[in-house]
Amino acid sequence: MARMKFLCDAERCIECNACVTACKNENDVPWGVNRRRVVTINDGSPGERSMSVACMHCSDAPCAAVCPVDCFYTTDDGVVLHDKDVCIGCGYCFYACPFGAPQFPATGAFGSRGKMDKCTFCAGGPEADNSAEERRKYGSNRLAEGKLPLCAEMCATRALLAGDGDTVSDIFRERVTWRGSSGLTWGWGVAYSKPGLRRGRDVEGKATGQD
Amino acid sequence: MNNNKQRRIPCSAARYSVLMALVALMLALPFAPQARAEGGEATGKVVNPGTELWREARDAIKGTTQVEGVDSGVLIYDAGERWRQYRMQQLVPYGAMLLGGMLGILVLYYLIRGKIRIEAGRSGKVVRRYTASEMVVHWFLAITFVILALSGLILLFGRWALIPVLGPEVFSIVAVVSKNLHNYVGLLFSALIPIAFFLYLKDSLFNFKVDGKWFRRLGGYLGGEEPSAEKVNAGQKSWYWVAMLGGLVLVASGLFLDFPNFQQSREWLQSAHIIHTIAAVGVMAFFVVHLYLATVGVEGALESMVNGHVDANWAKQHHDLWYEQVKDTAIDAQTLKSGEGGSAIGERKAADA
């Protein structure tokens, strides 16, 4: 069984934001909601790196753990999805998520945020695959069509990789071997280390290279 | 794996082959966990320029991004994990234990001690204890507090207590109603706290001589003679201060959480949530004691907040020092029942004077 993962190669990302645009377009994401974003660190200085971040579909997802209505579930492919019919828009997942993935269509007075929205790994939601209802609430379901998330498919430099964790890490490992530099799988330590191993700040963000 | 690497690297020049094999080995080391553990010292000498950056990213440094939003420039924010640990490992289990424990203690107390009766029986005379405004504010505060407490408890424990009973869809409706009640009624509660603070302040200042003795004897609840008390005994005064100071903390942190439209950062929201929940659980733990003593625990107590009067013998038994001051204003209980309007106002004037 595949275990879907994202991996952004910081040596390749050129901050073009095509992944962000592709995601918004493919999923008809409402204004103000960005399921994916590109963050640049040390912008304009030596050592500048850019990273495309969205929901990482964690193994032991903090959002799912803290949800008061238990609306999250993990698919057989390891994709973390949620049920918008059950979500109450409390914002706890946003408090807990290390990647800032949960988004809300509103941030109004009296805690009115609307239903949470986040990256679905282009895998829709609990409704029937590619139904109108699913499209309206969650956007595209490319996985059901045998396709991978559009953000990664669109990436011009192939910085953003999406797919089965083993395949993704094989590709990345090969790259690292050839270029002989940083072998850092950004975010994997936080997202995919086994439950119970995560110890907050003490955990080094090193490549796991395996799952 | 090492063999793979060596095969891939061009080996046409024989004099480079040894060097290349070494380089390949070094590159492969970080990917072999067993080698990483043993070879940590050796690879540590090669400074990886990405490592520092990674470490910085884990410390929630802010980068730049085209996406506008709260903390959108932060790549990885570990404090969420800390908040998760707090909520799931501390708040939920310890909160349940504390509140469940308090309820258990009260049930046990009731079974052992039973209702605290008016020892001398009802005298048929009553004295005014609370004014109309004191009663109105009390009940507004009580109703809003109970709504806030129940809705808060549903959001905190409903996942374990109610989803198995109601199912996720029905519980979602209960939860969204609770969330909105909590967020709107909270504002009413916020308005009531300062009013209540000043309204009940006069009677709730500690008198160290009388109240110290009351505390030393634990109010006589665990046996022994009931110590002297003023209009408000030391336990009730404590409840006043817990409710008011706790209420103030709840209001301040609650209002902060209630208006995310000011784009508060996650760090502040998490802190406010932690403060809010600790205060809430603390106040609720005291509240159940107040609720118990005011209803099933003590005979003749509840009526003070229903019609403003208490039986003279009740006052003598529980608030002797206060009774000495007001005993001359006692009226017949029958008078209170028959001609409520006129006499009640007359009595209130007497009590205020």
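A nonpolar core is a set of buried Ala, Val, Leu, Ile, Met, Phe, Trp, Tyr and Cys residues joined through C-beta atoms within 7 Å. The model discussed here is predicted.

Q: How many residues does the largest nonpolar core have?
A: Among its members, Cys8(A), Met51(A), Cys93(A) and Leu160(A) have the most contacts inside this core. In total, the core has 80 residues.

Q: Which helix of chain A gives the most to this core?
A: The contribution in question amounts to five residues. They come from the helix that spans residues 92-96 of chain A, namely H3.

Q: Which residues is Cys93(A) in contact with, leaving aside its neighbours within four places in sequence?
A: Two residues are in contact if their C-beta atoms lie within 7 Å. With the sequence neighbours set aside, the partners of Cys93(A) are Cys63(A), Val66(A), Cys67(A), Pro102(A) and Met116(A).

Q: Which element supplies the largest share of the side of chain B that touches chain A?
A: The contact takes 51 residues from chain A and 56 residues from chain B. Several elements of chain B each supply at least two residues to that side, including helix H5 (49-58) and helix H6 (79-113). The largest share is nine residues, and its source is H9(B).

Q: How many charged residues has the side of chain B that touches chain A?
A: Sorted by class, this side has 26 nonpolar and 17 polar residues. Its charged residues number 13.

Methods. Residues are numbered from 1 along each chain as its sequence is written. Chains are lettered from A and ligands numbered from 1 in the order in which they are written. This is a predicted model: local features need pLDDT of at least 70, side-chain atom pairs count only at pLDDT 80 or more; totals for chains, interfaces and linings use all residues. A residue is buried if 20 or more other C-beta atoms lie within 10 Å of its own, exposed if 12 or fewer, and partly exposed in between; C-beta atoms are placed from the backbone. Helices (H or I, at least four residues) and strands (E, at least two) are DSSP runs, numbered from the N terminus. Ala, Val, Leu, Ile, Met, Phe, Trp, Tyr, Cys and Pro count as nonpolar, Asp, Glu, Lys and Arg as charged, and the others, Gly among them, as polar.
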